[in-house]
Structures are given as structure tokens and as C-alpha cells.
Amino acid sequence: MEWATRVLSWTLWMPLIGALLVLLMPRSQRWTAWAVAMVFALLTLGLTFLLAAYFDPTAAGYQFVERVAWLPDYGVSYLLGIDGVSLWLVMLTAALGVLTIGYLGLMAARTDGAEPLERLHAFLFHLLLLETALLGVFMALDLVLFYVFFELTLVPTYFLIALWGGERRSYAALKFFLYTFFGSLFMLLAALWLAFAHYRATGAITFELMRLQAFVAEGGVPFEVQKWLFLGFALAFAIKLPLVPFHTWWPLAMGEAPIPVVVLFLKTGAYAFLRFALPLFPDAAQAFAPLGMALAAIAVVYAAIVATMQTDMKQVALYAVVSHAGFIMMGLFALNEAGFTGSVIQQLNHGVTMGALFLLMGLLKARTGTLEIGRLGGLKAQIPLLSALFLIALLAAVALPGTNGFIGEFLCLFGAYQASREGLTPLLWVVIGATGTILSVVYMLWMFQRVFYGPLPEQLKTVRDLKPAEVALVLPLIALIFWIGLQPLRFTRAMEPAAMQWTGQFEKRVYQPALNTTWFDQGSCRDSFMVEKQAYRAWLCQRSHTDLPPLGRAVPDE
């Protein structure tokens with residue numbers, strides 16, 4: 001598998017190589033620079049398909065792992081790897097990279113001499129740099145390496161907003177940078193404390209995720225300390241997600257950002273929760289699950305209500321993203337397999353469904369000059385093809401059965417309900433979160449009705465429908481909407497080993513502490529415990545198809 005590790009690194013650095021080549025090209029060769037960027041984006045996408053072809057969906061753990069000593073004296077390594085979750089996010093990032101560059105080319109060709117065509121080289125450089133940073137977030141298995149990529153996403157995003165954003169771009173870019181950078185410092189401090197705790201206990205300092213995870217699982221960090229470390233990670237990721245009440249930077253920054261940035265800016269915060277915060281501190285995660293579920297349910301409803309009050313199509317979609325973030329967190333804090341799978345599907349849906357909506361909004365604004373709902377209307381008869389594609393993406397966003405949105409939200413809610421039945425979280429938050437699906441129909445269909453029905457304003461009677469190239473740009477995402485919705489097993493099958501391994505950390509903690517005590521030696525309590533223990537171990541054996549090692553201290557027979 002030596003070649004596979006090289007493919008993983010080539011996939012990571014391919015966009016950056018393209019970015020550097022674009023930056024070195026003369027400014028007069030605008031379209032040559034665009035072609036170079038597109039070639040490297042396509043190469044990156046091709047490499048992800050190669051990874052998918054050789055990925056083993058039945059194997060647990062990380063695959064294509066590459067480890068190179070980076071700062072060995074400080075326990076920092078260049079450690080990459082992917083599992084069934086990160087594989088899909090890596091592929092989605094590469095696909096959206098191709099689509100955003102294609103969108104940029106279409107817009108530049110449509111508006112000769114206008115921005116961002118005047119600085120096309122710089123725009124492409126920052127866009128490809130952002131793609132590399134996002135790929136690094138989904139591949140890194142070392143906390144320091146992850147922090148580097150996590151923070152690297154801020155740099156190109158800041159400049160893309162500040163240089164090519166809307167009227168309030170300077171303020172929006174600064175608020176975005178300060179919010180997300182400040183939050184990430186708490187994660188860095190928590191990671192340093194954890195690494196030095198490992199050093200004090202073992203004599204070896206490391207930032208490797210798997211070793212730190214095993215260290216915490218073996219009791220290396222007291223529960224009271226775990227809670228504070230978990231909060232340090234959670235604050236950074238909640239801001240980046242964005243989760244209410246840490247979301248205020250999102251509608252401003254992404255509202256002023258160019259469309260390619262909004263499309264490519266994936267759910268790194270949700271992935272970081274899934275990969276680092278929850279599995280590193282499972283005891284703290286269980287303790288904070290009710291609070292996490294409450295914040296998630298509030299986010300779903302609050303963002304949906306605020307979305308109904310917006311007068312701009314882009315702002316409606318941005319608050320819909322915040323509402324979807326609530327569903328993602330409901331699935332994660334359910335701490336079970338259904339919620340885990342639904343959360344990952346919802347992360348994919350963000351890139352697919354919302355990516356299609358934002359691309360179509362960009363194409364609409366290029367024709368009308370505005371996304372203000374009050375200045376639009378009656379466009380269905382004027383641009384029927386764009387209206388039809390927009391309606392499909394909109395119905396996926398409101399979780400219509402048969403689309404990807406339904407699968408994601410259903411599994412998140414099912415996992416949350418299952419957690420409430422097991423006493424992990426109150427049922428109230430599941431009911432409140434479920435009302436978000438109704439509210440999403442209200443604000444999305446309200447927007448569609450006002451924009452595409454009613455009288456057609458005089459200034460919009462010359463608007464033209466989508467061209468074949470523009471349809472081809474959006475069509476892959478429309479196809480994915482139905483593919484994920486109608487054949488979800490093709491996407492969830494690769495996640496199953498990761499889901500079993502992830503949820504097992506929380507499920508086994510119901511029984512593990514008792515195995516290290518002597519209370520079960522007392523009559524019927526011991527018998528009851530033995531029944532539960534045996535049922536639990538049989539369940540694990542059935543799901544893992546392997547013989548399990550002894551779980552904790554052996555229990556003597558009568």
C-alpha cells in the first residue's frame with residue numbers, strides 16, 4: 001500500500017501546486033491561468049476517485065495512513081489518514097473545487113472587465129489554497145497538524161471576502177477572522193494540556209489522535225479535567241460550525257463573501273466535533289450531551305424563525321445552513337449509530353444541496369443584478385429551467401422524501417429520539433428540533449413563491465434562461481441529491497465500520513466502570529449485571545464479526 005500513501009499526499013497538495021503555478025503566470029494570461037487551475041482541480045478530483053476505488057468499506061480504522069516525523073522532539077508528526085467519513089468529505093471538497101472554478105470561469109466570461117476577472121490570478125490562488133486547507137482538515141490525524149490546516153482555512157477566506165466581497169466586506173472579513181481565530185486558541189490550549197498530561201504519565205509527548213484517545217480511555221485524564229478540555233475543543237468547533245449562539249459571524253461574513261467561497265466553505269466545525277472533541281473525551285461528551293442537544297434544537301428553530309424574516313435570498317439560505325447545523329449536532333450528541341450516520345449525511349448535504357442553491361443564486365444574480373426578494377417576482381415563466389433546478393434544490397433543503405435532505409434529517413432525529421428513550425437526553429429537545437422541518441418548508445416555499453411567481457417586474461423581462469454550460473455546472477449536484485436520497489446505502493456502507501467504532505466508545509462506558517468494581521458480588525445485583533454484560537458483548541460480537549478480548553476484569557463464575 002505504499003503507493004496509496006503517496007496518493008493521499010498528492011491529493012492533499014495538488015491544489016496548492018496548482019495555486020503556485022497560477023500565481024507565477026503573467027497577469028495577461030488570464031484564461032490560461034483559469035485553465036491551469038481547472039486542470040489541477042480535476043486532477044485532485046481524479047485522485048479522490050482513485051482513493052475511493054481502493055478504499056475497503058469493511059475495514060475499521062483509518063486507511064492510507066502516512067506518518068512522517070515533523071517535529072519529533074515535540075511529538076508532532078505529519079500524520080494523514082481517512083476513514084469512511086472523511087473519504088466522502090474529501091471527495092466532496094474536490095468536487096466542489098471543480099464546480100467553483102467552473103462557476104468563476106462562467107461569471108468571468110459573462111462580465112468581461114469586471115471583478116473578479118481583473119484579479120483572476122489572485123482569486124484562483126486563494127480558492128485553491130482554501131481547497132488544500134479543507135482537505136488537510138479532513139485528513140489530519142495529528143492535533144497540531146489539524147490545527148495548522150484548521151487555521152489555514154482562515155487566511156484565504158479572509159482575503160477572498162476582504163478583496164472580492166460586498167459593500168461591507170472589510171468589516172465582515174475582520175469579524176470572521178477574529179471570531180474563528182479566537183475560538184481556535186482554546187482548542188490549542190486544550191491540546192497542549194492533553195499532550196503534556198500524556199508526557200507526565202508516559203514520558204513520551206505526542207499529539208497523535210489515536211494515542212491520545214487511548215490515553216484518555218485508559219483513565220489518563222480525570223473526569224473533572226476532561227470536562228474543561230472538552231469545552232475548549234467544543235468552543236472552537238461550535239464557532240466554526242456555526243452553532244447558535246456562536247453563529248453571528250456567519251450571515252455577515254458569508255453574506256458578503258463571493259459565491260465560490262460560500263459553496264466551498266464546508267462544515268469543518270461539525271467534522272471536528274465528530275473526529276476530535278467527542279471521541280477524545282467520551283465521558284465529558286456524555287455529560288454535556290443534554291446541553292449539546294438543547295443548543296442544537298434551539299439552533300434548528302431559532303435559525304428557521306430568523307430565516308422567515310429575511311428579505312434577501314442569500315440570507316435566507318445562510319440561516320438555513322445554521323438550522324441544518326443544528327440537525328448535525330442533534331445527530332452527533334445522540335451518541336449512537338443512527339445519529340452519527342445522519343450527521344455525516346447532513347454534512348454531505350450541506351455541500352451538495354446548499355452548494356446547488358448558492359450556485360443557482362449566483363447565476364440568478366448575474367442575470368437580475370440583485371437577490372432582494374422584494375425586487376424579484378414572476379421569474380418562473382421567464383427562466384423556467386433555472387426555476388425548476390432551484391425548486392429541486394429547495395425541496396431537498398426542506399427534506400422532501402426521496403431527496404438527500406430527508407435521509408439526513410430523518411436519521412438525525414431518529415438517533416436523537418433513540419437517545420431520549422435511553423435516558424441520555426430529554427425528549428423535549430427532540431420534539432422542538434423536529435418542528436424545524438416544518439418551519440423550513442415555510443421560509444423556503446415563501447421565498448420561492450415571491451421570487452418565481454406573481455407579476456414580472458418590467459426590468460426583468462429581458463432576463464435569459466440558463467445556458468447549457470451553466471446547466472452542466474449544477475447538474476452533478478442535482479444528480480447527487482437524488483442519488484443520496486434514493487440509494488443512501490451506497491454512501492452509508494463505507495461509514496458503518498467508523499460508526500460502530502465511534503459509537504462503541506460511548507456504549508461500552510455504560511458497563512465498563514462496573515467491571516472494575518466488586519459491587520456485583522452481592523446476590524441478584526450480580527446476576528442482573530451478568531445478563532446485561534453478556535447481552536452487550538454478544539451485540540458487539542455480532543456487529544464487529546470478531547472475537548472480543550476480555551472486557552475489563554473477568555467476573556468469576558458461581
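I looked up Phe406 and found it partly exposed, with a relative accessible area of 31%. I noted the cut-offs: buried is under 20% relative accessible area, exposed is over 50%, and partly exposed lies in between, with a 1.4 Å probe and protein chains only. Phe410 is partly exposed too, at 45%. Both sit in helix H18 (residues 404-421), 4 residues apart, so about one helical turn separates them. Helices here are DSSP runs of H or I with at least four residues, strands are runs of E with at least two, and both are numbered from the N terminus.

**What I am reading**

The model is predicted, so I kept in mind that local features need pLDDT of at least 70 and side-chain atom pairs pLDDT 80 or more, while totals for chains, interfaces and linings use all residues. Residues are numbered from 1 along each chain as its sequence is written, and side-chain values use heavy atoms, with hydrogens and water left out.

**Aromatic pairs**

The rule I used: rings of Phe, Tyr and Trp (its six-membered ring) pair if their centres lie within 6.5 Å, and planes under 30 degrees apart are stacked, over 60 edge-to-face, the rest tilted. Phe233 and Phe237 are 4 residues apart in helix H9 (residues 223-240), about one helical turn. Phe233 is buried at 1% relative accessibility, and Phe237 is buried at 0%. Phe406 and Phe410, by contrast, are stacked, at 5.8 Å centre to centre and 20° between the planes.

Phe233 and Phe237 also belong to one aromatic cluster, together with Phe146, Phe150, Phe273, Phe276, Phe281 and Phe333. The charged end of Lys240 sits over the ring of Phe150, 3.9 Å from its centre.

Which bond joins Leu241 and Pro242? It is a cis peptide bond, with omega about 0°. Pro242 lies in the loop between H9 and helix H10 (249-256). Pro245 is in the loop between H9 and H10 as well, and the peptide bond from Val244 to Pro245 is cis with omega near 10°.

**The hairpin**

I then turned to S1 and S2, which form a hairpin with 4 residues between them. Strand S1 (residues 63-71) runs antiparallel to S2, joined by 6 bridges; strands pair if DSSP finds at least two bridges between them. Ala69 has Ser77 as its bridge partner, and Glu66 stands opposite Leu80. In the turn, Gly75 has a positive phi of about 75°. In strand S2 (residues 76-82), 7 of 7 residues are buried.

Phe64 has a positive phi near 60°. Phe64 lies in S1 and is buried at 5%. Leu335 also has a positive phi near 60°. Leu335 is in the loop between helix H14 (313-333) and helix H15 (337-368), and is buried at 5%.

Definitions and conventions
A charge sits over a ring if NZ of Lys or CZ of Arg is within 6 Å of the ring centre and within 35 degrees of the ring normal.
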